[in-house]
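Here are my notes on the model, point by point. Have it open while you read.

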Amino acid sequence: MAKAALVDMTKCMGCRGCQVACKAWNGNSGEETEFNGSYENPPELSASTWTRIEFYELERGWFFRKHQCVHCTDASCVEVCPTAAMHKEGEFVEVNKDTCIGCGYCALACPFDAVHREPPLGIARKCWFCLDRVQAGIEPACVKTCPTDALIFGERDDILKKAHARLDLLTSNGHPRAQIYGEHELGGLHWIYILDGYPSDFGLPESPRLATNSIVGQWIGGLIAAGVIAAVPFWLLFRRKRRLHEDEEFTRTGGER
Amino acid sequence: MMVWGPPIWIYLWLAGMAGGAYFAAYLVNRFSRGTQEPLLRMATYLAVPTAMIGVLLLIVDLGKPLRFWRLLTEFDNIGSAMWLGTWFLLAFVASAVIMIILWNGARYVVTKEARLSLARIADIISGIGALFAVLVIAYTGVLLASSNQPLWSATYLVPALFVTSAVSTGIAFVIVTALVGDSRAVSSRLISRLAEADALVILIELVMLVVYAVWLGASHMEGAAQGLRLLVAGSMAPTFWVGVVALAILIPLILDISNWGKEIRQRGSATWLAIMTSSVAVMIGGLLLRFAVVRGGQLVV
């Protein structure tokens with residue numbers, strides 16, 4: 001049975017205990033940052049910051065969104081990785097630290113900006129769903145530490161049931177825009193959000209796509225262009241009719257054959 | 001977040017130019033029934049070091065440069081554009097190197113039959129090389145297009161645009177080398193004809209660029225329209241208008257068309273200067289196109 005976690009942003013109070021728990025459990029160092037006008041800190045996910053709470057000040061209030069790898073079923077990072085270092089471990093997406101060459105392709109393919117490659121490690125790093133804990137039957141570090149139960153871990157089916165129950169409660173209690181994100185996106189995410197608003201309000205793509213879903217057409221486009229170029233300028237200008245003439249030229253200029 | 005910096009856009013430019021020069025020279029030689037082999041040889045000699053410098057930049061850009069060999073030993077995700085590109089590049093450079101060995105080896109072969117069969121093998125390999133040259137220049141675009149950066153993936157035109165630019169810069173590279181080196185292998189008549197071919201390729205590139213821009217503007221993909229604005233009116237606009245539109249397209253197009261059919265009488269003549277300027281502009285413009293697309297793509301969030 002597939003596991004998943006629920007991220008109920010309507011229960012999050014922005015304490016960022018999850019960020020600290022993540023760093024502590026995974027041995028990631030802190031980052032030196034500067035005040036940039038917001039209490040968000042660090043300013044972005046990075047190779048050593050795998051989750052962070054984003055702050056969104058909208059007209060109707062102040063909202064949070066937990067940002068981390070959402071462990072897509074159809075994962076772009078896995079699709080583009082040239083060495084298959086980015087791979088599926090059951091339903092989760094993990095980086096093989098020994099075979100990653102640090103090309104950065106996964107970081108550019110990810111629709112959620114969740115994969116990062118920075119010095120000094122040089123390899124792709126991201127949330128790995130605390131696989132060591134999950135495989136031992138315990139919840140991820142961030143879920144464990146969450147004081148408001150905004151984060152819940154469990155079987156994906158149960159998580160979805162809980163999400164729908166919560167959604168019903170929210171919509172019938174003055175949150176008409178509340179919605180679930182991640183149930184169907186990219187074959188189903190394994191971090192499922194409850195958002196009080198549109199995904200784009202919280203920096204999430206409305207319709208995330210697999211990076212490679214147009215790849216056949218892209219190849220064909222490139223090859224057609226090459227064919228057109230071969231046919232139009234080159235065939236038109238250099239085809240055989242010039243043969244005799246060019247032969248003369250050729251001999252005159254001292255080519256060898 | 002800037003993941004791919006200068007090494008990558010310079011590499012995409014170099015790989016495109018190497019493959020484009022070879023592909024163009026191969027087509028010229030093929031369509032003129034093998035009478036332009038010196039041109040093919042020159043393009044082959046240019047392609048190998050150019051592609052190798054590009055590969056070196058690519059390796060340097062890796063987070064773990066010393067693990068680059070894993071690209072060649074891992075076979076678990078062979079659909080990855082980067083994996084395919086690595087092999088296409090290897091096959092292209094290998095074909096070129098084998099051809100160079102065969103061409104030079106022919107000198108040490110005594111019998112005429114053996115020389116002929118070496119030439120025939122080189123000829124077959126030149127065709128294989130052309131196939132891989134096309135795949136290499138197409139891959140430089142597919143690499144970007146299979147991502148989640150809207151400027152790269154919102155349309156189907158980035159590979160096509162890169163292919164046209166690769167051939168255009170490739171021809172320019174050959175022309176500049178021939179003009180600077182005062183090459184005897186490439187006649188002045190052939191140089192004029194190559195400049196005419198480049199003008200037609202640039203015309204195709206112009207059409208591609210316009211369709212690409214319109215497509216971006218019309219795309220429903222989040223960030224596509226924003227990417228277009230960044231290119232034509234945002235922080236990448238100077239690069240786009242001066243670098244891509246003027247240097248890569250308009251200036252060479254005007255110069256090449258106004259010199260259409262004219263002969264290069266001597267080094268430094270007006271036509272010589274025009275074709276030289278046009279080709280240098282094409283090369284710089286090609287680099288700036290890679291810069292605008294690679295950097296611009298990563299600026300859109």
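1. A definition to start with: the expected span of a helix is 1.5 Å times one less than its number of residues. Helices here are DSSP runs of H or I of at least four residues, strands are runs of E of at least two, and both are numbered from the N terminus. On that basis the 24 residues of α7(B) should span 34 Å, and the end C-alpha atoms of α7(B) are 33 Å apart, which agrees.

2. Some housekeeping. This is a predicted model, in which local features need pLDDT of at least 70 and side-chain atom pairs count only at pLDDT 80 or more, while totals for chains, interfaces and linings use all residues. Residues are numbered from 1 along each chain as its sequence is written, and chains are lettered from A and ligands numbered from 1 in the order in which they are written.

3. Staying with α7(B): is this helix mostly covered or mostly open? It is mostly covered, with 20 of its 24 residues buried. Buried takes 20 or more other C-beta atoms within 10 Å of a residue's own, exposed takes 12 or fewer, and partly exposed is in between, with C-beta atoms placed from the backbone. Just past the helix, Asp182(B) has a positive phi of about 50°.

4. Next, the packing of α7(B), residues 158-181, on α1(B), residues 6-31: the angle is about 75° and the axes are 7 Å apart. Axes are lines fitted to C-alpha atoms, for helices over the stretch in contact, and angles run from 0 to 180 degrees between N-to-C directions. The two helices are therefore roughly perpendicular (65 to 115 degrees; under 35 is roughly parallel, over 145 roughly antiparallel, the rest oblique). On the α1(B) side the contributors include Gly16(B), Gly19(B), Gly20(B) and Phe23(B), and on the α7(B) side they include Phe162(B), Ala166(B), Gly170(B) and Phe173(B). Contact here means C-beta atoms, placed from the backbone, within 7 Å. By class, the residues of this contact are 11 nonpolar, six polar and no charged. Nonpolar covers Ala, Val, Leu, Ile, Met, Phe, Trp, Tyr, Cys and Pro, charged covers Asp, Glu, Lys and Arg, and the others, Gly among them, are polar.

5. On to where the chains meet. The contact takes 55 residues from chain B and 58 from chain A. On the chain B side, the elements giving two or more residues include α1, α5 (112-145), α7 and α8 (188-218). The largest share, seven residues, comes from α8(B). That side of chain B has 28 nonpolar, 15 polar and 12 charged residues.

6. Chain A has an open sheet of four strands in the order β6-β1-β8-β7, with mixed pairing. Strands count as paired if DSSP finds at least two bridges between them. The edges are β6 (151-155) and β7 (178-181), each with a single partner strand, so one side of each lacks a neighbour in the sheet. The average twist from one strand to the next is 20°. β7(A) pairs with β8(A), residues 191-196, in the antiparallel sense over four bridges, and Ile180(A) sits opposite Ile194(A).

7. There is also a hairpin in chain A, formed by β4 and β5 with two residues between them. β4(A), residues 86-89, and β5(A), residues 92-95, are antiparallel over four bridges, and Met86(A) is opposite Val95(A). In the turn, Gly90(A) has a positive phi of about 65°.

8. Backbone points to look at. Most residues other than glycine have a negative phi, and most peptide bonds are trans. Asn41(A) to Pro42(A) is cis, with omega near -10°, and Pro42(A) is in the loop between α1 and β2 of chain A. Pro119(A) and Pro120(A) are also joined by a cis bond, with omega about 0°. Pro120(A) is in the loop between α3 and α4 of chain A. Asp113(A) is found in that loop too, with a positive phi near 55°; it is partly exposed, having 17 other C-beta atoms within 10 Å. Phe129(A), again between α3 and α4 of chain A, has a positive phi of about 60° and is buried, with 28 such atoms within 10 Å.

9. Finally, which residues does Glu79(A) contact, leaving aside its neighbours within four places in sequence? They are Leu210(A), Ala211(A) and Thr212(A). Glu79(A) is in α2(A), residues 76-80, and is buried, with 22 other C-beta atoms within 10 Å.

Conventions
Contact = placed C-beta atoms within 7 Å.
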